[in-house]
Every structure is written in C-alpha cells, then in structure tokens.
Amino acid sequence: MLEYSSALKETLRLLKILSIFVNCVTSDPAFLRPFICRFKNEEKSIICIKHCFTRAKKATPLGDITSDILTLSYDSLSSPSIKLKLPEQLHGSHPLGWGIAWYPNDQEAAIVSKDPAARGTEVQMDALTDWANFRSTMYFCKAQGAARGYTHHETQPFARSFAGQDWLFMHNGDLDKSKLRELHKDKSRFLEPMGKTDSELAFCYLLGKVMETEARKLSDVPYETLLRWFEELDNLGSADICISDGITLVCFCGTKSVRSLYYTRLQPPYYPRVFNSDSALLYLNDPRDNYRTIFAVSSCVFDTGNWQPMQRGQLLVIRRGNIVWDNKAGVVPPPVQVQTPASAVQTTAQIGQAHKSIVNIRSITHTPDGAPLAYRMFDITHLTEYNYTEPVNHSRHTFRLQPVEDPTQEVESANLTLSVRGEEIRYEDVFGNQSIHYSINTPYTKLLIEFQSRVKVYAALPDDHSLSQRRSSIPLVWMPSQRQLMTPYLLPEELPETQLRELTDYAMSFVERNGYHLMETLKDINLTIYRDYRYVPGATSLNTTPFEVYTTRQGVCQDFANLFICMARLLSIPARYRMGYIYTGMNYENKIQSDASHAWVEIYLPYVGWRGFDPTNGCMVVQDHIRVASGRNYMDATPTSGTIFKGGGIETLRVKVTMKEVIA
C-alpha cells in the first residue's frame with residue numbers, strides 16, 4: 001500500500017510538470033505509459049492521471065479555447081489587411097498560435113506563415129500586406145491554432161505538394177485518431193504526416209483519396225465523391241474542414257461540430273470595407289480591390305455583412321468567389337426557363353429526322369414525311385413616334401426593323417407604315433441586316449414609324465458539344481483568315497488601359513473558375529450578370545461604358561450585353577450585339593423590357609456558329625426571342641436612327657413594342 005501511495009505521489013509530481021501541456025494529451029492511453037510504466041496497477045494509475053488532467057483542464061482557460069478559421073475566395077487577385085486577435089494569456093500558460101496561407105500571385109506554390117508560440121494579444125499582418133507578393137485569390141487563416149502546445153509542424157494551416165500544386169488544409173474539431181489511422185490505409189512516405197495531430201492525418205487521408213481517383217485537382221473529383229469522403233471523416237468526430245488546391249475551395253460543416261461555420265458573398269460596390277469579430281479584424285480597403293467579389297467562410301460571426309450559418313453536413317464547393325456546388329441545394333439552379341407550349345413540342349427523333357438529307361437548310365419547315373416542324377408564332381408591332389416643337393424641313397433615317405430569316409426563324413409577313421412621305425431605299429448592310437434608308441424633304445412636326453410582322457420560330461436540336469471539334473477551351477485558336485474576318489467582333493471597346501486590365505482580370509476569373517472550358521465560362525458569365533447586376537431602368541445612358549456597368553453593378557439589357565461583349569472579346573472570343581424582341585408573357589423577371597426592343601449577346605462558337613446568350617434573364621436564346629439586327633455594338637443594330645438637317649427644335653421620343661403569341 002505504501003509503494004502504491006509513493007507511485008501516486010510521483011504521478012502528481014509529473015502532473016504538475018505536464019499541466020501546462022495538458023492539451024497535448026491524446027485519447028490514446030499509450031501516451032501515458034512512459035510516465036507510469038513502473039506502477040504496479042497501471043490501469044488505476046491511468047484512471048488517476050486522466051482524472052487529474054480533467055481537473056487541470058477545468059483550472060485553466062486553455063481547455064475552453066477553440067480555434068477560429070477564416071478563408072477567403074476572391075474572383076481576382078486581392079490584398080486584404082488582416083489582424084488576428086488572441087485572448088489574454090494567464091501567467092504560466094502556453095502561448096497561443098496563428099497561421100495564414102495564400103498563393104502569391106496565384107502561383108502553384110503557397111506561402112504559409114505561422115507562429116505556434118505567439119506572445120501578446122494581436123497579430124498584425126502589416127509586413128505581409130505591404131509585401132508585393134501578398135496578392136492572391138485564396139487565403140487561409142487560423143487563430144489560436146497552437147493553443148494545445150503544438151510545434152511549428154503541428155500548427156495550421158497545413159500545406160502539402162501534390163500533382164504540381166500546393167494544397168492547403170484547415171480543421172476545427174477533434175477526430176478519433178486511432179480510427180482515422182485505420183481509415184488512412186496509404187502507407188506511402190509521401191502521405192506520412194510530419195506532426196502528431198488528427199488534423200494533418202485527415203489531410204493526408206483526403207490527399208490519398210484524391211490520388212486513388214487519379215485526379216490532379218479538386219475539380220476532377222465528382223462532388224458527390226468529395227461529400228462521401230468528408231462524411232467518412234465526420235463519423236470519426238467533429239469535422240469542420242476547409243481544403244483547397246489553389247483553384248477550388250471546399251468547406252465542410254460537420255454534424256458533430258460544437259460551433260457552426262458561417263459564410264457570406266460580398267459583391268461590389270455595396271459591401272462594407274471593415275469586418276470585426278472576436279478573433280479577427282479584416283480590412284478590405286485596398287483601392288486596387290474595390291470591385292472584387294469575395295466569398296468568405298468563418299467560424300466566427302463578423303459584426304457587418306450578411307453571414308449565413310452553414311447547415312450540419314453541408315458541403316460548399318467554391319471557385320473564384322462563387323459557389324459552384326452545394327449538397328444541400330444541389331447545383332446552383334439557373335433562372336426559370338420559359339417552357340415551350342405543349343402544342344409546339346416535337347420529339348427529338350422527329351427533329352433529327354427532319355435534318356436528314358436536307359441540302360438547302362433554309363427550306364426546313366417540314367419533316368421528310370411532310371409533317372410541319374414544330375414552331376411558335378408571334379405577332380409583333382413596333383411603334384416609334386417622334387414629336388418636334390418646330391417643323392423639320394429635311395431629315396434622313398435608317399430603319400432596321402425587319403426580323404431575320406434563317407433556318408430557325410421565318411418571317412411570314414412584314415409591313416412598314418410611315419406617316420410622312422419620303423424616298424425609300426431597301427438594302428442589306430455590311431452586317432447582313434435588312435435595312436431601309438428613308439429621306440424626307442416634306443416639313444413635319446410628327447413622324448410615326450410602325451412596323452408590323454408575323455414571325456415563326458422553329459424548334460431545333462440542341463447543340464452537341466461532346467463532338468471533339470466542339471470541345472473548345474480557352475484560349476481559342478483562329479486561323480489568320482478567320483481572325484481577319486472576325487476582327488470587328490474581337491476588338492473590345494476603346495477604354496483606358498487601366499479599365500481594360502481590370503475587366504480582363506474580371507473575365508479571367510470566370511475562365512479559371514471553370515477550368516478554361518469555353519461553354520461553361522460563357523454560361524457562368526451569363527448567369528453571374530443576371531444574378532449580381534441589378535436591372536434599373538434609367539440608371540444608364542447610351543454613353544455608359546462597360547466599365548461603368550461593372551463598377552456600379554446595374555443597368556438595362558443593352559448595358560449587360562455590352563459588358564458581356566467586352567469581356568468575351570478580351571478573352572479573344574468573337575461577340576456581337578443583337579437587337580430583337582423577347583416574349584415576356586411567360587416567367588421572365590425583367591418584364592419591363594417588353595415595352596421596347598430587347599438586346600442580348602451572340603457568341604461565335606467553333607464548329608457551331610453564332611449562339612445567343614441573354615444576360616438580362618440569365619438564359620440561352622430560345623424560341624421566345626425574335627432576332628432582328630446585329631452588329632459590333634448598339635449603333636450598328638439600333639432599330640431607328642437618323643439626322644435632322646434643318647429645323648426640328650426640341651425632340652421627344654416615344655417607343656412602344658407589343659408582342660403576342662399566335663396559337664394556331
């Protein structure tokens with residue numbers, strides 16, 4: 001009995017020495033055996049030591065400290081100013097730690113700066129922020145990460161090289177290390193942790209799973225597979241995890257987490273520039289970054305911004321400041337698409353059969369067996385009224401009101417009525433638009449221009465982008481003759497170089513978010529303008545530039561089209577301006593555009609042709625769009641224009657467009 005009491009005294013003496021390292025102890029009893037190997041009753045000694053450790057934890061605030069994580073995903077290179085806050089340290093307690101990681105100028109190699117033994121209550125990042133290489137689209141930050149006495153090897157964020165790129169990892173919580181070892185079966189030296197934390201072991205486990213799939217980056221792994229891997233870790237304990245390959249950011253909120261994760265998406269120019277929380281102070285006031293979009297995930301709520309809690313078991317896949325997948329919501333849904341009425345629906349087999357053995361494709365109005373192709377028919381009236389305070393003695397006008405006729409659009413009837421007699425010349429302009437030159441020499445104070453047409457829009461097969469020649473990636477390769485012919489549609493608007501550089505960075509963020517895939521990039525730009533930009537009639541004018549639309553994030557259909565066109569051309573993708581009409585009797589949000597002509601973008605796709613994108617409504621151009629005129633910009637495709645050579649005074653203009661579907 002006396003010998004056992006001596007052992008207990010020795011145990012208590014050891015506990016006093018180890019108390020400041022109390023958070024280093026794992027759940028594995030083998031960790032304690034070197035200290036008690038000489039005790040006769042090892043089991044009782046272990047119980048005694050664990051009891052003493054529990055009491056020691058209650059006696060020090062370190063036992064209650066939890067780490068805070070913050071990660072930022074920008075759409076373009078940015079330099080935030082970050083100040084981390086560490087709690088007051090009691091005398092004799094272990095110093096706290098911090099870490100920050102980023103990809104300088106979006107290079108493959110990450111830089112990790114961390115201190116497992118920080119002194120003081122604040123960590124200023126001024127030296128890093130002033131550094132020229134402190135510009136990135138991805139930032140990982142962890143405060144109090146070394147509160148358990150970890151060494152530099154055990155302090156987060158962790159970084160590991162894999163497939164020619166540094167990967168970053170952060171984890172909040174505790175995982176069953178023994179079960180995690182069983183789960184992580186890869187024994188290669190490449191995936192061997194340097195430290196002793198469960199977090200780094202989880203990092204190695206995830207990299208091992210990526211290697212098993214022969215993927216080189218996160219976007220190569222199906223998102224459902226990623227979710228399954230995180231759920232396996234979630235079964236082992238609390239698993240709030242962020243991982244990135246420098247391009248894609250994946251964040252998972254564990255089902256057993258003590259605290260929640262929060263996220264927000266900040267869009268210019270309306271978000272605040274200073275964010276404050278108990279763990280960090282974030283400044284977003286670098287003048288170079290005024291127009292950046294930011295997606296942030298944090299374990300602490302900041303005092304400004306619309307922060308939403310993540311759901312338990314939620315996995316967010318984020319790329320360049322935007323969610324690309326959410327397991328709780330599925331793929332981010334596109335805006336509501338207009339459905340073709342049942343009377344106009346035709347099976348794919350029928351449409352495909354109609355395209356067989358047809359040489360003159362402009363005659364495709366019937367199937368080979370004589371049945372008419374499915375179509376939708378619209379009656380359109382475009383009324384323009386000019387009024388003047390003084391008589392106009394001489395004026396000349398150009399009208400581009402005739403809808404296009406091609407394989408999918410047929411003009412059944414068209415009629416132009418003018419209230420003042422003049423000389424009329426019909427011709428096709430250099431952009432292929434059916435135009436009218438009209439010269440008036442008779443004095444007038446009112447001019448009415450009314451164009452009535454009935455148009456059929458035929459059904460068409462969707463483009464097959466699985467064909468090898470159509471699987472295009474950016475940058476596109478053009479033959480010299482092709483580039484020469486496309487030059488009018490490849491030159492961006494003449495803007496200051498600084499503005500074009502900013503718009504180029506913005507356009508490239510979509511390219512990199514979508515892995516340089518052409519169609520995915522274009523669809524992303526189309527949807528982002530629809531979601532992030534406000535439709536505000538009267539907020540802009542004909543002189544508004546794409547850069548002004550980008551900075552204010554508002555405009556009307558022609559502004560959104562001009563911005564899309566400018567971005568596409570900066571990426572060497574041919575783009576043109578299309579004027580026409582849209583049937584808004586269905587479920588479009590921006591219905592005010594039905595009172596006048598509508599505008600959208602047409603992109604030339606290799607081995608496909610010109611295809612329409614409508615950023616005002618976030619959709620592809622389908623059977624409810626009527627195409628009229630096209631050109632480099634608005635001036636090439638405006639419905640009516642003219643010059644008054646004598647008289648006129650003050651002019652007032654009224655435009656009214658009505659579009660009705662004709663149900664046969």
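Start with helix H11, residues 518-532, in this predicted model.

Strands in a sheet pair through backbone hydrogen bonds, in either a parallel or an antiparallel way. Here the sheet is open and has 5 strands, in the order S28-S27-S26-S25-S29, with antiparallel pairing. At the edges you will find S28 (619-620) and S29 (625-631), each of which pairs on one side only. Further in, S25 (residues 575-582) and S26 (residues 598-605) run antiparallel and are joined by 6 bridges.

Next, step back to the protein as a whole. It contains 14 helices and 31 strands. Of its 664 residues, 51% are buried. If you take the contacts between residues at least 6 apart in sequence, 74% of them join residues at least 24 apart. The protein exposes about 31,100 Å², and carbon and sulfur atoms supply 52% of that area.

Finally, what about the cysteines? A disulfide is a covalent bond between the sulfur atoms of two cysteines. How many disulfides does the count come to? The count is 0, with a cut-off of 2.5 Å between the sulfur atoms. Cys141 is in no disulfide, as the nearest cysteine sulfur, which belongs to Cys300, is 9.4 Å away. Cys141 has a relative accessible area of 3%, under the 20% limit, so it counts as buried. Cys619 is also buried, because its relative accessible area is 2%.

Methods. Residues are numbered from 1 along each chain as its sequence is written. This is a predicted model: local features need pLDDT of at least 70, side-chain atom pairs count only at pLDDT 80 or more; totals for chains, interfaces and linings use all residues. Side-chain values use heavy atoms; hydrogens and water are left out. Two strands pair if DSSP finds at least two bridges between them. Helices (H or I, at least four residues) and strands (E, at least two) are DSSP runs, numbered from the N terminus. Contact means heavy atoms within 4.5 Å. Axes are lines fitted to C-alpha atoms, for helices over the stretch in contact, and angles run from 0 to 180 degrees between N-to-C directions. Buried means under 20% relative accessible area, exposed over 50%, partly exposed in between (1.4 Å probe, protein chains only). Accessible areas come from the Shrake-Rupley method with a 1.4 Å probe; for residues, only the protein chains shown count as cover.
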